[in-house]
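This report describes parts of one protein chain for a reader who is new to structures. Please keep the sequence and the 3D view open while reading.

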Amino acid sequence: MSTQFITCPAGAFHSQISPTAYKVFLALKSFDGKDHKIFPSKKTLAEKCGLGMTSIYKALKQLTKAGLVSIVARHDKNGRQTSNFYQIHEPTPAQHTQRPNWFSINKKALESCLSPVDLKVYSCLARHADHNGQCFPSRKQIAEECRLSVTTVYRAVYRLQYHGFLSISSQQRDNGGKRQNLYTLLIPQDLEQADLSQPAKDSRISLSTAFLTKIQAAKESAVSLLKNFPNFHRLPFPYRE
């Protein structure tokens, strides 16, 4: 495996840990060697993940509780504590699955300071991707595997596309019907100039005109029904025109 990539166990991805703890786990894996013994300082982890020290402490606590990491205090010859020693544990391989028990993620995706949620969604796509970096899971499937809402996944996918980590292509069936979108994983060519601290133009979602029309029609239908309510004039302002 090239040193440009982080090898992530599928069991760690599916563990019931927060996206923040998952990002810290990937940061630890980026230092990992053959013996799985590493000792970066918490400050180094915070800088690598773009997180505060409090978030690092909480994430390490989650990883320890989940059995993914063991922490042993280290001391110098004078008895003063130095950086902790971390032992990474490989989760038990999943049974009855056709997918590999590990997948790889480009280190630049971690070092780019993507948000923990965006990195989790990016990792899910990387797990499904073929050798060309392409896959087509549904947003519902991504949400279930990442333990996120579909709306959160929608926003994360939009941000990944906006910042150049993902391209999205629509697909059609032979009969003209729509298929799931085709996702292609990318790495921005110049991450040093990319300002990921700034949210996308619309960090919520980029909604199509057709979808907005459906929302407006649903709103008008709801208002029409509510007007038949005896105390319509007492309803909160958003329901009155």
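Pro91 has a relative accessible area of 21%, so this residue counts as partly exposed. The model is a predicted one. Pro91 sits in the loop that links strand S4 (85-88) to strand S5 (102-106). When neighbours within four places in sequence are left aside, the contacts of Pro91 are Pro9, Gly11, Ala12 and Leu68. For one of these, Leu68, the separation from Pro91 is 23 residues in sequence, while the two C-alpha atoms are 6.8 Å apart in space.

Another loop residue is Gly67, placed between helix H4 (53-65) and strand S3 (69-72). Gly67 is partly exposed because its relative accessibility is 38%, and buried would mean under 20%. Gly67 and Ala12 are 55 residues apart along the chain, and 9.7 Å separates their C-alpha atoms.

**The sheet**

In what order do the strands of the open sheet stand? The order of the 3 strands is S6-S8-S7, and the pairing is antiparallel. Strands in a sheet are paired through hydrogen bonds of the backbone, in a parallel or an antiparallel way. Between S6 and strand S8 (residues 182-185), which run antiparallel, there are 2 bridges. Cys135 has Tyr183 in S8 as its bridge partner.

**The helices**

Helix H6 (residues 116-128) lies across S6, S7 and S8, and runs at about 100 degrees to S8. H6 also packs against helix H8 (residues 150-162), with an angle of about 85 degrees and axes 9 Å apart. With that angle, H6 is roughly perpendicular to H8, a term that covers 65 to 115 degrees. From H6, the contact uses Val117, Asp118, Val121 and Tyr122; from H8, it uses Thr152, Ala156, Val157, Arg159 and Leu160. Sorted by class, the residues of this contact are 6 nonpolar, 1 polar and 2 charged.

Helix H7 (residues 139-146) meets H8 as well: their axes come within 9 Å and cross at roughly 105 degrees. H7 is therefore roughly perpendicular to H8. The H7 side of this contact consists of Arg139, Lys140, Ile142 and Ala143, and the H8 side of Val150, Val153 and Tyr154. In the contact of H7 with H8, 5 residues are nonpolar, none are polar and 2 are charged.

**The cysteines**

How many disulfides does a search of the whole structure find? The search finds 0. Which cysteine sulfur is closest to that of Cys135? The closest belongs to Cys124, at 7.7 Å, which is too far for a bond, because a disulfide needs the two sulfur atoms within 2.5 Å. Cys135 is buried, since its relative accessibility is 4%. Cys8 is also buried, with a relative accessibility of 0%.

The accessibility values given above are collected here.

| Residue | Relative accessibility | Class |
|---|---|---|
| Cys8 | 0% | buried |
| Cys135 | 4% | buried |
| Pro91 | 21% | partly exposed |
| Gly67 | 38% | partly exposed |

Terms used
Residues numbered from 1 in each chain as written. Predicted model: local features only at pLDDT ≥ 70, side-chain atom pairs only at ≥ 80, totals over all residues. Heavy atoms only, no water. Pairing = 2+ DSSP bridges. Helix = DSSP H or I, 4+ residues; strand = E, 2+ residues; numbered from the N terminus. Contact = heavy atoms within 4.5 Å. Axes fitted to C-alpha atoms, helices over the stretch in contact; angles between N-to-C directions. Parallel < 35°, antiparallel > 145°, perpendicular 65-115°, else oblique. Nonpolar A, V, L, I, M, F, W, Y, C, P; charged D, E, K, R; others polar. Buried < 20%, exposed > 50% of the residue type's maximum accessible area, 1.4 Å probe, protein only.
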